[in-house]
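This report covers domain layout, the contact between domains, backbone geometry and charge pairing. Please read it alongside the model shown here.

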Amino acid sequence: MGIHALKQLIVDPQFELVAVWVSSDAKAGKDAGELAGLDISTGVAATNDLDAVLALKPECAVYTALADNRLPDALEDYRRILAAGINVVGSSAVFFQYPWHVLPDELLKPIEEAAQSGKSSLFVNGIDPGFANDLLPLALAGTCQSIEQIRCMEIINYDTYDSAAVMFDVMGFGKALDDIPLLLQPGVLSFAWGSVVRQLAAGLGVELDEVNETYIREPAPEDFDIASGHIAKGTAAALRFEVRGMKGGKAAVVLEHVTRLRNDLHPDWPQPAQEGGSYRIEITGEPSYAVDLCLSSPNGDHNHAGLVATAARVVNAIPAVIAAAPGITTTLDLPLITGKGLYAG
């Protein structure tokens, strides 16, 4: 994610890059242009010293570090940056899309207090959790007379997603079916995507009775390889889960993921609208909607396009987040971000 955000920050003239914070000694000292894969020198050398970055007092920080397997560290990063009076847009931790009634108070309050003391704002978003299940479904909901259910789906083949930490450690692919990974520990799905269903409910003005979750895992029929590594026969190779916001015994809002590592796995599960994967929004009501969001890129496949979209969603929000009131801000709070200045001819 970081490389795509960094590229945009370098090439988009509305931004002035003043620092790059990295986590490894190997990247420290390298020019930002090199880290972004660009054939230019920016004169901005990366550092692994956060205090040095904070001392420069940038208007906004773009945070793309993985938080799934280092949550306490990520929360402390946010607290320090916000307390220093620096606004933040980020792609993790995803529950900050709408953290209330999702993140425990003992973890949420330090972030809220840091933002208030620093008079700074935090906006975390992307594609999922993000615009595929907040901005787009809520815009459609605004054209309905009545709504029975909003369902947001990700239906994607993750075979080209190159992150072993996410694929194996967090999601549990390539692991024995009785080895329960981080993502599928009780309550974690609702922790990660509870922000989605609670924000949708808030947009509808619905107070949920509860949020629950369910999942199914399926084994690989044979050995095969993906971008992140090897998948052995009999290990987890497909995953389907739902996080459901319940009202009056009915699922009012649903977040569903159908994740495969090969297109031929579990063909009876929902299929994407395009090869590789797509996002789907289904609204049951008057009127009802079924909308498929298909991502592509001249520089890569659907997974590449999703990473670029996630980075661009938060980078393009920077001016609005700087202008926002101090605190945690969400899609419900920000003005419409239109892509002003991005037309490339």
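## Domains

Two domains make up the division of this protein: domain 1 (1–127 + 305–328) and domain 2 (144–286). The bounds come from an automatic or database domain assignment. Their C-alpha centres are 26 Å apart.

The model is predicted: local features need pLDDT of at least 70, side-chain atom pairs count only at pLDDT 80 or more, and totals for chains, interfaces and linings use all residues. Residues are numbered from 1 along each chain as its sequence is written, and side-chain values use heavy atoms, with hydrogens and water left out.

## The contact between domains

Domain 1 brings 15 residues to the contact, and domain 2 brings 15 residues. Contact here means heavy atoms within 4.5 Å. About 1,200 Å² is buried between domain 1 and domain 2, with 70% of it on carbon and sulfur atoms. Buried area is the accessible area (1.4 Å probe) that two parts lose on being put together, summed over both. Gln97, Tyr98 and Val102 account for 40% of what domain 1 buries against domain 2, more than any other three residues.

How many salt bridges are there between domain 1 and domain 2? The count is zero. A salt bridge needs a side-chain nitrogen of Lys or Arg within 4 Å of a carboxyl oxygen of Asp or Glu. Two residue pairs are in polar contact between the domains, both at pLDDT 80 or more. A polar contact is a pair of N or O atoms within 3.5 Å; within protein, one must be able to donate a hydrogen and the other to accept it, and residues adjacent in sequence count only if both atoms are side-chain atoms.

## Backbone geometry

Ser92 and Ala93 are joined by a cis peptide bond, with omega about -10 degrees. Ala93 sits in the loop between strand S2 (87–90) and helix H5 (105–118). Helices (H or I, at least four residues) and strands (E, at least two) are DSSP runs, numbered from the N terminus.

Another cis peptide bond joins Asp128 and Pro129, with omega about -5 degrees. Pro129 lies in the loop between strand S3 (121–124) and helix H6 (135–141). Lys57 is not a glycine, yet has a positive phi of about 55 degrees. Its loop runs between helix H3 (50–54) and strand S1 (60–63).

## Salt bridges

The structure as a whole holds eleven salt bridges. One of them pairs the side chains of Asp209 and Lys247, at 4.0 Å, N to O. This pair links distant parts of the chain, 38 residues apart. Asp209 is in the loop between helix H8 (188–204) and strand S5 (210–219), and Lys247 is in strand S8 (residues 236–247).
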